[in-house]
Amino acid sequence: MRIILFGSPGVGKGTQAKILSSKFNIAHISTGDILRKAVKDQTPMGIKAQSVLNRGELVSDDIMIGLIKDTLQQPECKNGFILDGFPRSTAQAIALDALLMELNIKDIHLLAITADEEELVQRLTQRRVCKQCGSLFNYFDIKDKTNCPVCDAGNSFYQRDDDSEKVIRYRIEIYKNTTKPVLDYYEGRKKVIYINGAGEVDNITNDILSKLEPDK
Ligand code: AMP
C-alpha cells in the first residue's frame, strides 16, 4: 500500500499517518519529522533548514525532492509507504510523479483531509508532542498526566516552535497559496479521495479505510 496524505497543517495528517502505517505495516515518511531531527542533530541540511522551519516557511524544493528521492529508495519503503507532508508544492508533485515512474510504482492512493480553518488554528495551538515517541496530543487531554500514555516517558510533552498562533496562521496562508494548488495538478491525473477531518480520530480512520480501494 502506498499513500499520499495531503492537507493543511493541523488537519490530522500525522495522527492518521501513524495509525495507517502500523495498520498496513508500511513506512511513515513525515518530511517535517525528518527535518526536525536534522535540526536537532545539526546536520548540514538541519542547519540550512532551521530558520525556515521556525518561520513556518517551506524548505526549498531542491532539498525536499532530494530527501524524498533518497528516502523512497530505502529498504523500509519496499513494503509500501505513507507520505505525510510531501508534496507541498506543484514542483514537488511533478518530481514525485517522475520518481514513482522511475521506481515503477503505479498504484498510489491520494487522500486529502479537510477541516475548518479556525478549528485548525485551535488544534495546533493546543497540540503537544511527546519528545520520546513523537505521539501527538491535545494539551487539554494531557494536562493532569505526567507520563506519555503511548510510551510512558515522564515529562516528555513539548510544543513545537512553529505552533504559535502567529506562525500557524502564516503556515495556513502558505498552505492556501502554495500547497493547495497541488490538488489542481492532481485533479484529472489521479483520483483524489476527500476525507472530512473534523470529529473523532477513530471515525476519521474508519472513513479513510472505507474509501481506500485495494491495490490492483
Ligand atoms: P510539518 O511537520 O509537516 O508541519 O512540517 C514542518 C515544517 O517542515 C514545515 O512548516 C516546513 O517548514 C517544513 N517542511 C515539511 N515538509 C516540507 C515540504 N514537503 N516542503 C517544504 N517544506 C517542508
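**Close-up views of the predicted model**

**View 1. A proline in a loop.** Pro-87 sits in the loop that links β3 (81–84) with α5 (90–102); helices (H or I, at least four residues) and strands (E, at least two) are DSSP runs, numbered from the N terminus. The peptide bond between Phe-86 and Pro-87 is cis, with omega about 5°. A word on the source: this is a predicted model, in which local features need pLDDT of at least 70 and side-chain atom pairs count only at pLDDT 80 or more, while totals for chains, interfaces and linings use all residues. Residues are numbered from 1 along each chain as its sequence is written, and side-chain values use heavy atoms, with hydrogens and water left out.

**View 2. The shell around the ligand.** Here you meet the 15 residues that surround the ligand, with Thr-31, Arg-36, Glu-57, Gly-85 and Gln-92 the closest; a residue counts as near if one of its heavy atoms lies within 4 Å. By class, the shell holds 6 nonpolar, 4 polar and 5 charged residues (Ala, Val, Leu, Ile, Met, Phe, Trp, Tyr, Cys and Pro are nonpolar, Asp, Glu, Lys and Arg charged, the others, Gly among them, polar). Helix α2 (residues 31–41) contributes the most, with 4 residues.

**View 3. Polar atoms at the ligand.** Oxygen atoms of the ligand lie 3.0 Å from a polar side-chain atom of Arg-36 and 2.5 Å from a polar backbone atom of Glu-57. At Gly-85, a backbone N or O atom is 2.8 Å from a ligand nitrogen atom. The ligand taken alone exposes 480 Å², of which the protein buries 96% (Shrake-Rupley method, 1.4 Å probe).

**View 4. An open antiparallel sheet.** Follow the order β6-β5-β7 through this open sheet of 3 strands, paired antiparallel; strands pair if DSSP finds at least two bridges between them. β6 (136–138) and β7 (157–158) are at the edges with a single partner strand each, so one side of each has no neighbour in the sheet. Strand β5 (residues 127–130) is joined to β6 by 3 bridges, and Arg-128 has Phe-137 in β6 as its bridge partner.

**View 5. Two asparagines with positive phi.** Asn-104, in the loop between α5 and β4 (109–114), has a positive phi near 60° without being a glycine. Asn-104 is exposed, at a relative accessible area of 56% (exposed means over 50%, with a 1.4 Å probe and protein chains only). In the loop between α7 (139–142) and β7 lies Asn-155, whose phi is also positive, about 45°. Asn-155 is exposed as well, with a relative accessible area of 63%.

Conventions
Polar contact = N/O pair within 3.5 Å; in protein donor to acceptor, adjacent residues only side chain to side chain. Buried < 20%, exposed > 50% of the residue type's maximum accessible area, 1.4 Å probe, protein only.
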